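Me: I have not looked at this structure before. Please show me how to read its features.

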2 protein chains.
Amino acid sequence: MQDDAPFTRSYAQVCGVATALDVIGDRWSILIVRDLMLGPLRFGDLAAGLPSIGTNTLTARLKLLETTGVVARRAAPLPDRGTVYELTPYGRELEPIVMALGRWGSRSMDRLPANAVWHSRWLVAAMLAFHDESHAVAKPTTWALWLSDGPFSVVAEATQVSISAGAPAKADAVVSARDEVLHRMLIGQLEPGAALSDGDVTSDGNPAALVDLLALFAFPPVDSAIDTASAP
Amino acid sequence: MQDDAPFTRSYAQVCGVATALDVIGDRWSILIVRDLMLGPLRFGDLAAGLPSIGTNTLTARLKLLETTGVVARRAAPLPDRGTVYELTPYGRELEPIVMALGRWGSRSMDRLPANAVWHSRWLVAAMLAFHDESHAVAKPTTWALWLSDGPFSVVAEATQVSISAGAPAKADAVVSARDEVLHRMLIGQLEPGAALSDGDVTSDGNPAALVDLLALFAFPPVDSAIDTASAP
DNA sequence: CGGTATCCGCAAAGATACTG
DNA sequence: CAGTATCTTTGCGGATACCG
């Protein structure tokens, strides 16, 4: 161990926070972790989800995250043939931190530039972050959720919820929605009943499944922007 | 609001995590927050605690953190005259996140370069991060803790612990130690009794106060480095 | 002393073309 | 599709000079 100096531009501070930033503080690194939270991804899929990263930078980040034990390269499961990147156990320990960071940062989203890009994958990650821990489902339930990025599987049991990319092997319900419609329902701007009758959402012919799905999540009220004492 | 585009090089992603990084993802920003967690600081003190930051960069970071509502400039309390920077309520909401990040990163500290710098301030921040929530003190207690960076006050009541820079108005005990000695006691490498008799620590003439102080914290075992499947 | 502005050298990031 | 090589641009570190 201690091959060499893994950190190219280390803060060189004997401090856990500074060391954490040596590992995941470079530009893009935390977003790579975010995208891997929903499951393994190939190099190209990572690049596609991180507009303007530049493949050389992505390579450098993955290399550092690999040598620091956050991410692992693995042969892709059979049909695919190829390589995927996934979080190691150490990397998965970042999940609660990244989700807390996302909840915190969501209150500054009113400052985003107008040209900001949308991925349904990120909405799904936000669902995980805003999962309502005080809500318990009556019986274990699996949803297939189809959005613009493709299918996701949502599994709930008691007060636990897990979400991952890809369709579940067997779903109790299949929900399909335009991203923006799902988002508006999650933040309480749109009634599921209205969306269903408008045809913006389909719920497997079973409207209750959509309501049950939405009940798992507690997105904050929309007015939550930060007020900065307005300057001169 | 929405003065302009506050983020010079925004990720421009509609995602809470990406937005959080737009705010505090620049180099040094999180370390500024870390240093402000223990109390307000002046520009010079911040610069001194962040070796090699460069004053222009520090100015730029503070400016962004101020416009985003994370940090506030305030006139220093009376004796001093001048300006101090402190966390806003929004900025303080980062504290649990930064501490969790520090706990996570502390397990990669074996990768730090050999020339890494030590500040007792960071050890104190680690104490806060590794505070043992399952430990309750019998009665409310205040310690004055003297380290190389100066005095800190540690206040414990029931299972709550708060730490800030500066001496407390009234302390139940005054503990004084060389940084490294305190660290070794916290990670269990050095018995407080032995340190006291060696004179490496003084405890106000009351040895029990030191033991009580150490009992507040649960630093992880030292072997906690991450194993990366050793390559080639 | 606290803070800002400016210049320079360098290293990292963005963009894209190219190769196994 | 996965990644490397190359070129340009931008941000950072360091020094220094300048205002309050």
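This is a predicted model: local features need pLDDT of at least 70, side-chain atom pairs count only at pLDDT 80 or more; totals for chains, interfaces and linings use all residues.

Me: Where should I begin with helix α1 of chain A: how many of its residues are buried?

Reply: Start with the share of each residue that is accessible; under 20% relative accessible area is called buried. In α1(A), nine of the nine residues are buried. They are A:G16, A:V17, A:A18, A:T19, A:A20, A:L21, A:D22, A:V23 and A:I24.

Me: Which elements do the buried residues of α1(A) pack against?

Reply: They pack against α2 and α4 of chain A, and also against α2 and α6 of chain B.

Me: How do I read the crossing of α1(A) and α6(B), and at what angle do their axes cross?

Reply: Look at the angle between the two axes; 65 to 115 degrees counts as roughly perpendicular. Helix α1 (residues 16–24) of chain A and helix α6 (residues 95–105) of chain B cross at roughly 75°, and their axes come within 7 Å. That makes α1(A) roughly perpendicular to α6(B).

Me: Which residues meet there, in α1(A) and in α6(B)?

Reply: From α1(A) come A:G16, A:V17, A:T19, A:A20, A:L21, A:V23 and A:I24, and they meet B:V98, B:L101, B:G102, B:W104 and B:G105 of α6(B). Sorted by class, this contact has eight nonpolar, four polar and no charged residues.

Me: What about α1 of chain B: how many of its residues are buried, and what do they pack against?

Reply: Nine of the nine residues of α1(B) are buried, among them B:G16, B:T19 and B:D22. The buried residues pack against α2 and α6 (95–105) of chain A, together with α2 (29–36) and α4 (55–67) of chain B.

Me: At what angle do α2(A) and α1(B) pack?

Reply: Angles over 145 degrees count as roughly antiparallel. Helix α2 (residues 29–36) of chain A packs on helix α1 (residues 16–24) of chain B at about 170°, with the axes 10 Å apart. That makes the pair roughly antiparallel. In this contact, A:I30, A:L31 and A:R34 meet B:V17, B:A18 and B:L21. By class there are five nonpolar, no polar and one charged residues.

Me: How do I tell on which side of a helix the buried residues lie, and which residues of α10(B) are buried?

Reply: An α-helix has 3.6 residues a turn, so residues three or four places apart point the same way. In helix α10 (residues 207–214) of chain B, the buried residues are B:A209, B:L210, B:L213 and B:L214. They cover an arc of only 130° around the axis, which puts them on the same side of α10(B). Their cover includes β3 (141–147), β4 (150–157) and α8 (179–186) of chain B.

Me: How many disulfides are there?

Reply: A disulfide is a covalent bond between the sulfur atoms of two cysteines. A search over all chains finds zero. As for burial, A:C15 has a relative accessible area of 6% and is buried. B:C15, at 6% relative accessibility, also counts as buried.

Me: Which phi value does A:S52 have?

Reply: Most residues other than glycine have a negative phi. A:S52 has a positive phi, near 75°. A:S52 lies in the loop between α3 (43–49) and α4 (55–67) of chain A, and at 70% relative accessibility it counts as exposed.

Me: Where does A:A158 lie?

Reply: A:A158 lies in the loop between β4 (150–157) and β5 (160–165) of chain A. Its phi is positive, near 55°. At 41% relative accessibility, A:A158 counts as partly exposed.

Key
Residues are numbered from 1 along each chain as its sequence is written. Chains are lettered from A and ligands numbered from 1 in the order in which they are written. Side-chain values use heavy atoms; hydrogens and water are left out. Axes are lines fitted to C-alpha atoms, for helices over the stretch in contact, and angles run from 0 to 180 degrees between N-to-C directions. Helices (H or I, at least four residues) and strands (E, at least two) are DSSP runs, numbered from the N terminus. Angles under 35 degrees count as roughly parallel, over 145 as roughly antiparallel, 65 to 115 as roughly perpendicular and the rest as oblique. Contact means heavy atoms within 4.5 Å. Ala, Val, Leu, Ile, Met, Phe, Trp, Tyr, Cys and Pro count as nonpolar, Asp, Glu, Lys and Arg as charged, and the others, Gly among them, as polar. Buried means under 20% relative accessible area, exposed over 50%, partly exposed in between (1.4 Å probe, protein chains only). The arc is that of the directions from the helix axis to the C-beta atoms. A disulfide is a pair of cysteine sulfur atoms within 2.5 Å.
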